[in-house]
Amino acid sequence: MKEEVRRRALELAKRIAEAIERGEFPEIEYPPNSQSNIEFLEDVGYVFKPKTYSRITGSRIKSLKTLAGLLYGISRALDHLENGLTMTKRDFYYVHKVEKLKGTLFPEDQRETDARIILMELVLGYPREAFSITSDPRGWIYGDIELIDKSGRLIRADQVGEMGYSVPPRPENIKFKRIGVKAVIAIEKVGPAKNMIELGIPEEKKIGIAILQGQASRSMRRFLRMLSDEGVPIAILTDLSPWSLRIAATVIYNSINSAHIPHLASPEARFIGILTRDVEEGFFKDYQFALEPLTPADLKAAQDNVYLPNLQNEFWQRENQWFLEKKKKAELEIFKAMSPTARKLKDLFVEYLRMKLDEHLGISI
Amino acid sequence: MADKVELEEISASDFFYRNKSLAGFDNPVRATYTIVRELVENALDAAEMKGVPPKILISVEEESREGPLSEGLPWYKITVADNGIGLKPDDIPKAFGRVFVSSKYRLMQSRGTFGLGGTMALLYGQITTNKPFRITSAREGEPAYEITMMIDIKRNEPKILQKRILRGISRNSFTIVESHFEGNYGRARRKIVEYLHQTAIVVPYADILFIEPDGNVYFFPKSTEELPKRPKESLFHPKGVDLELLQRMVEITNTRNMKSFLTKHFQRVGEKTAREVLKLAGIPEDKKPSELTKEEILALFRALRSYKKFLPPDPSVLAPLGEKLFEEGIKKELLPEFVKAVQRPPSVYEANPFIVEVAIAYGGALKPTGEIQLYRYANKIPLLYDVSSDVSYHVIKKIDWTNYGLKSPEEEPVAFFVHIVSTKVPFKTVGKEFIANVPEVAREIELGLRICARELRIYLNRKRRKELMRKRYEIFKMYYQIIAEVLTELVGRRPPIEKLLTKVAGEAGINDEGGSEEESSGAG
């Protein structure tokens, strides 16, 4: 992959150099990640299907800046790649904050260089991790899963620290040796996820715990997809909040921003909760006093959710409508409000998971 | 009773003495400025009358006070010398020693704002210091006479104290006026210098040298030898006289009947017109002018006013500067990058012919000041007071300058110039410092300014486009240098971006080949 990326980048550079040598203004065509090039399909999520192409041309000022930026970005990325060095988006931003780029490519803020990364992905046809710009390595997997990582080491994901195995930026290099879990539960919040581990639930109930820590990172989504491809049922457990709907939907369908990166969606994954009916008539119905009010930002998110392409089906919209009406949310920490003792907490977790895994995935624990 | 109304007869000098403020002598600061201005205008008129580029020397020196009051404002000696036509020795006392009620019996445009020339300035000096003034003058090829004199205020007569013939024949004509006055130069200084600077704009063919009391020298050199066309003298237009003037004309005419009175003393009046006017007034054609009653004079005045068929007045009495000279003067004093002057065709308001000349200057040494920069002139005299009351100011305020590529006249390096020449400038007040909002005048100013503004817009568009193309080229250069550097790193050789840059430079009309040479050494 590294060689392939390098080859593509150099090909592009050569093509531009040749145009200049002929005395022509260089031009690049690429498929932009615009709405017209992105399809949403319920059963596969977002799909990048280029129909229209954009042109970067060296004869127009605005376009010329894009071209220079693209080439500069590629040159820095290749330099890192060849030297076995990675950089974050923030690093990439700082790579542009150099003296000689003042008045040209010196960025106003990181959004400028983040957009450049996406352009590089679109032009080169590879995710940024392939040219050494890694996402925050956020996300852990805990449970009876044996895998072989990039360096060739055999790792058991319930024997490498309190939170398990930290999912690397490019999980493609991982090979699964043995999977001993019945399902993996992807959990939005670190606190409840750690509690489940600390209470020994994964070992006892033969489940894996994936800790998302907020919105699932690209690497985490890729890793979940790999598990899903291995036939592991994926369950998603989040707060009941407008943001959490997006977190769950992103794991299932991928997002618009990374729609051009394949294999990030896990359409087989199931959103198990917290659902509105859990609060209204189910598991938490006696604990409505522990709900939190929506903040203005939460409410705004709920209003925006009405228009998000991946939240259009009846289920998501019904869930979202609840926020607009009740102006409340339930957080996973509600389990704490329900359990005066640790013993009780474990019982509640197990009870809830048993009920949900059975209901949504037909798995009994 | 009505017949027996007795008017106290006072001399014109006396009148002036009692009404100093009318003529701009109301306080020592204003008086200092007015004295300089009146004498300079006389000097310029004298030179222009001769038809030579004026050379004017002005010096103001402080001197010690004399007489019983040793304390008070400082005294000054002012000397103004010109290369004008010069005066015969007998004319000197007449020209400087008496205040004429109206020296403008005939019609010709000259500067003299008040028709009283510098005499008032000299009189003011005499009143405040009780010192005589001195005129030295020579006509070409004649000896020079030096006359020391005073004005007898009560009798309105010159009083010669000393008269000398200077030895030798003078090859060139000249006049030197020396006078003493009590004033305040320190506070008048700014206005005086501004006045001379603005005068230099409108008289670009004059050399003006000014020496201040502390020895500072201001020199406004001429930038051209060319003089504007001399105005012609002409008769009054029948609608341009007032009752008092008509009365005087009737008194002193030597014509024998009313028909010839009208045809001889007025322009645009032939036999037929005269007959019709007299019929309208109910005055027999062969009546002797000297026998007209007061009622008949009034009837004649009314007939002249109401008669509809006079041709418009003859504009050849007017002496505009001309577009070329106006631009010349503006360029020389203000160094703008753009200037356009427009002379409007002659026009008429209330039977007074007038010509409006306007100009707009932009950029160069001009800087935005946050205010409208407006230079106003009436018969080549700069108007320095009450700018915001002037008709030109209102016209400029009314125009939407964004249509002409200017944000606002206050925020741009732009200056406006309005010159009105007329036998009767429509001043709003007795102070004669700003022009009234006469619709005919306002219209001409606006039309003229709009023509200049259109030229300015064309200039600015061209300039801005050029700047834009230049900037575009600079941006291309910067980005292609980055591209060249990156490609050198990736491909191993530096692509010849100069080819492309030459293309862009060509589009921008820039000759900048090899402009990126410095880049090639580090990269290869």
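User: How do I read strand pairing here: how many bridges join β3(B) to strand β6 of chain B?

Analyst: The general idea is that strands of a sheet pair through backbone hydrogen bonds, either parallel or antiparallel. In this structure, five bridges link β3(B) with β6(B) (residues 174-182), and the two strands run antiparallel. Two strands count as paired once DSSP finds at least two bridges between them. Strands (E, at least two residues) and helices (H or I, at least four) are DSSP runs, numbered from the N terminus. Keep in mind that this is a predicted model, where local features need pLDDT of at least 70 and side-chain atom pairs count only at pLDDT 80 or more, while totals for chains, interfaces and linings use all residues. Residues are numbered from 1 along each chain as its sequence is written, and chains are lettered from A and ligands numbered from 1 in the order in which they are written.

User: Which residue stands opposite Ile135(B) in β6(B)?

Analyst: Look for Val177(B). Another pair to find is Ala138(B), whose bridge partner in β6(B) is Phe174(B).

User: Why is β3(B) largely enclosed by the rest of the structure?

Analyst: Count neighbours: a residue is buried if 20 or more other C-beta atoms, placed from the backbone, lie within 10 Å of its own, exposed if 12 or fewer, and partly exposed in between. Six of the six residues of β3(B), 133-138, are buried, so the strand is largely enclosed. Both faces are covered: Phe133(B), Ile135(B) and Ser137(B) are buried on one side, and Arg134(B), Thr136(B) and Ala138(B) on the other.

User: Now zoom out: in what order do the eight strands of the open sheet in chain B come?

Analyst: Read across as β5-β4-β3-β6-β2-β1-β7-β8, with mixed pairing. β5(B) (157-169) and β8(B) (217-220) are the edge strands, each pairing on one side only. From one strand to the next, the twist averages 15 degrees.

User: Which strands of chain B does helix α2 (residues 28-50) lie across?

Analyst: α2(B) lies across β1(B) (55-63), β2(B) (75-82) and β6(B), at about 15 degrees to β2(B). Helix α4(B) (residues 119-129) packs on the sheet too, touching β2, β3, β4 and β6 of chain B, and its direction makes about 35 degrees with that of β6(B). Here, contact means C-beta atoms, placed from the backbone, within 7 Å. Axes are lines fitted to C-alpha atoms, for helices over the stretch in contact, and angles run from 0 to 180 degrees between N-to-C directions.

User: What about the open sheet of six strands in chain A: what is the order?

Analyst: It goes β8-β5-β11-β10-β12-β13, again with mixed pairing. The edges are β8(A) (165-166) and β13(A) (270-273). Helix α5(A) (190-198) packs on this sheet, touching β5(A), β10(A) and β11(A). Inside the sheet, β10(A) (183-187) and β12(A) (234-237) run parallel, joined by four bridges.

User: Next, how many residues of chain A are in contact with chain B?

Analyst: 20 residues of chain A touch 17 of chain B. α2(A) gives the most to chain A's side, eight residues. That side divides into 13 nonpolar, four polar and three charged residues. For these classes, Ala, Val, Leu, Ile, Met, Phe, Trp, Tyr, Cys and Pro are nonpolar, Asp, Glu, Lys and Arg charged, and the others, Gly among them, polar.

User: How do the axes of α2(A) and helix α12 of chain B cross?

Analyst: They come within 9 Å and cross at roughly 25 degrees. That makes α2(A) roughly parallel to α12(B). The cut-offs are under 35 degrees for roughly parallel, over 145 for roughly antiparallel, 65 to 115 for roughly perpendicular, and oblique for the rest. Residues making the contact include Leu64(A), Leu71(A) and Tyr72(A) from α2(A), and Phe476(B), Tyr479(B) and Ile483(B) from α12(B). By class, this contact has 14 nonpolar, one polar and three charged residues.

How values were computed:
Two residues are in contact if their C-beta atoms, placed from the backbone, lie within 7 Å.
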